[in-house]
Amino acid sequence: MHNHSRNLQAGPGSVPISNFSYIGVTGPLGWAGLDPANVKCSTANVQSPINIEHDVVPLSKTHPQLSIPSVKSAEFENLGSTVEVVINGTTIFEGKTYSLKQYHFHTPAEHLVDAQFYPMEVHFVNIASSKSLNQGIQ
């Protein structure tokens with residue numbers, strides 16, 4: 001059901017098809033074996049896939065506030081493994097403001113929550129403003 005490469009065809013102007021996936025032997029738990037450069041996928045604790053454990057990483061008491069401008073059109077980029085939506089929004093979290101640059105989806109999810117994979121996840125890619133960085137230092 002989630003085999004994204006099954007019906008993709010390489011051709012002029014196409015995106016190269018990745019050798020990884022989000023399920024099976026080429027899924028997150030197998031990434032380390034796909035290429036020697038991926039070894040940290042099995043040895044690092046801050047590299048995908050990450051198991052987010054609620055007893056180690058408690059839920060935040062605040063919710064991020066996303067502001068995505070209403071636009072007549074948006075830029076979508078086919079990355080070969082996901083679709084990225086390029087935007088210029090903001091995220092406010094715990095009093096700090098971040099520039100929201102893009103978001104993209106993974107199906108099934110790339111990471112685990114309490115050792116459980118989920119059908120989908122979204123990554124919001126933010127950049128801290130210099131004001132937020134200065135606030136964090138004080």
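**Exercise 1. Place Val83 in the fold and describe its surroundings.**

Task: In which strand is Val83 found, and which residues does Val83 touch?

Solution. 
- Step 1. Val83 is found in strand β4 of this predicted model.
- Step 2. Check its cover. Val83 has a relative accessible area of 41%. Buried means under 20% and exposed means over 50%. Val83 is therefore partly exposed.
- Step 3. List the contacts, leaving out residues up to four places away in sequence. Val83 touches Phe76, Glu77, Tyr103, His104 and Phe105.
- Step 4. Val83 and His104 are 21 residues apart along the chain, yet their C-alpha atoms are separated by 5.8 Å.

**Exercise 2. Describe the pairing of β3 and β4.**

Task: In which sense do strands β3 and β4 pair, and over how many bridges?

Solution. 
- Step 1. Recall the rule. Strands of a sheet pair through backbone hydrogen bonds, either parallel or antiparallel.
- Step 2. Apply it. Strand β3 covers residues 75-78 and strand β4 covers residues 83-93. The two pair in the antiparallel sense over four bridges.
- Step 3. Glu77 stands opposite Glu84 in β4.
- Step 4. Look at the turn. The hairpin of β3 and β4 has four residues between the strands. Within this hairpin, Gly80 takes a positive phi near 90°.
- Step 5. Turn to Glu75, which is in strand β3. Glu75 counts as partly exposed, at 43% relative accessibility. Beyond residues up to four places away in sequence, Glu75 touches Glu84, Val85 and Val86.

**Exercise 3. Work out the aromatic cluster.**

Task: How many aromatic pairs does a search of the whole structure find, and which residues do ring pairs link into a cluster?

Solution. 
- Step 1. Count. The search finds two aromatic pairs.
- Step 2. Classify the pair of Tyr103 and Phe105. The ring centres are 5.7 Å apart and the planes stand at 90°. Planes over 60 degrees apart count as edge-to-face, so this pair is edge-to-face.
- Step 3. Classify the pair of Tyr103 and Phe124. The centres are 5.7 Å apart and the planes are at 40°, so the pair is tilted.
- Step 4. Locate the tilted pair. Tyr103 is in strand β5 and Phe124 is in strand β8 (residues 121-128). The two residues are 21 residues apart, and the pair links distant parts of the chain.
- Step 5. Join the pairs. Tyr103, Phe105 and Phe124 are linked into a cluster.
- Step 6. Compare with accessibility. Tyr103 is buried, at 19% relative accessible area. Phe105 is partly exposed at 34%, and Phe124 is partly exposed at 35%.

**Exercise 4. Find the nonpolar surface patch.**

Task: Which residues form a nonpolar patch on the surface, and what is their accessible area together?

Solution. 
- Step 1. Name the members. They are Leu66, Ile68, Phe105, Met120, Val122 and Phe124.
- Step 2. Give the area. Together they have about 500 Å² of accessible area.
- Step 3. Check one member against the cut-off. Patch residues need over 30% relative accessible area. Phe105 has 34%.
- Step 4. Phe105 is in strand β5, residues 96-106.

**Exercise 5. Summarise the whole chain.**

Task: How many helices and strands are in the protein chain, and what percentage of its residues count as buried?

Solution. 
- Step 1. Count the elements. There are two helices and eight strands.
- Step 2. Order them. From the N terminus on, they run α-β-β-β-β-β-β-β-β-α.
- Step 3. Take the buried share. Of 138 residues, 22% count as buried.
- Step 4. Take the surface. The chain exposes about 9,900 Å², and carbon and sulfur atoms supply 57% of it.
- Step 5. Take the contacts. Among those with a separation of 6 or more, 43% join residues 24 or more positions apart.

Technical notes. Residues numbered from 1 in each chain as written. Predicted model: local features only at pLDDT ≥ 70, side-chain atom pairs only at ≥ 80, totals over all residues. Heavy atoms only, no water. Patch = residues over 30% accessible without salt bridge, like charges linked within 9 Å, V, L, I, M, F, W, Y side chains within 5 Å. Areas by Shrake-Rupley, 256 points an atom, 1.4 Å probe, with all protein chains shown as cover. Salt bridge = Lys/Arg side-chain N within 4 Å of Asp/Glu carboxyl O. Buried < 20%, exposed > 50% of the residue type's maximum accessible area, 1.4 Å probe, protein only. Phe/Tyr/Trp six-rings, centres within 6.5 Å; stacked < 30°, edge-to-face > 60°. Contact = heavy atoms within 4.5 Å. Pairing = 2+ DSSP bridges.
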